[in-house]
Amino acid sequence: MPESKRRKAAVEKRKYQREREMKAERTPATSPSWWAPVMVGLMILGLIIVVTAYVSHGSLPIPFPNPNYNLFLGFGVMICGFLMTMGWK
């Protein structure tokens, strides 16, 4: 006796869901071991750059023509660290 299209679709759907569940169980939900140290390191490095730029009135850590570039650099490094927090598992 032939199977109905509904029944065949339901069987295929269950098979697909089981395969997805098995695949989800196999994949680890953790970040690489270097992710957290790099993330924290970028945030701390950015903070050090910003503090150094404020204390030295923009002449350190890198002598740019515009003293505000050191602040942009520091905040850019910190933002990279904070963006990494979204990928941390």
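Trainee: What share of the contacts in the protein with a separation of 6 or more comes from residues 24 or more positions apart?

Mentor: A contact means heavy atoms within 4.5 Å. Here, residues 24 or more positions apart account for 65% of the contacts with a separation of 6 or more. Keep in mind that this is a predicted model: local features need pLDDT of at least 70, side-chain atom pairs count only at pLDDT 80 or more, and totals for chains, interfaces and linings use all residues. Residues are numbered from 1 along each chain as its sequence is written, and side-chain values use heavy atoms, with hydrogens and water left out.

Trainee: Which secondary structure does the protein have?

Mentor: Helices (H or I, at least four residues) and strands (E, at least two) are DSSP runs, numbered from the N terminus. This protein has 3 helices and 0 strands, giving the pattern α-α-α along the sequence.

Trainee: How do I read an aromatic pair?

Mentor: A pair of aromatic rings is described by the distance of the centres and the angle of the planes. Rings of Phe, Tyr and Trp (its six-membered ring) pair if their centres lie within 6.5 Å; planes under 30 degrees apart are stacked, over 60 edge-to-face, and the rest tilted. The whole structure holds 3 such pairs. One of them is Trp 34 with Trp 35, tilted, at 5.3 Å centre to centre and 50° between the planes. Tyr 69 and Phe 72 are tilted too, with 6.3 Å between centres and 40° between planes. Both sit in helix H3, 3 residues apart, about one turn of the helix. Ring pairs link Phe 64 with Tyr 69 and Phe 72 into a cluster.

Trainee: Where is Phe 64 placed, and is Phe 72 buried or exposed?

Mentor: Phe 64 is in the loop between helix H2 (35-55) and helix H3 (68-84). For exposure, buried means under 20% relative accessible area, exposed over 50%, and partly exposed in between (1.4 Å probe, protein chains only). Phe 72 is exposed at 58%, while Tyr 69, at 39%, is partly exposed. Phe 64 is partly exposed because its relative accessibility is 33%.

Trainee: What does the side chain of Ser 56 reach?

Mentor: A polar contact is a pair of N or O atoms within 3.5 Å; within protein, one must be able to donate a hydrogen and the other to accept it, and residues adjacent in sequence count only if both atoms are side-chain atoms. The Ser 56 side chain reaches the backbone oxygen of Thr 52 at 2.8 Å and the backbone nitrogen of Leu 60 at 3.0 Å. Ser 56 lies in the loop between H2 and H3 and, at 16% relative accessibility, counts as buried.
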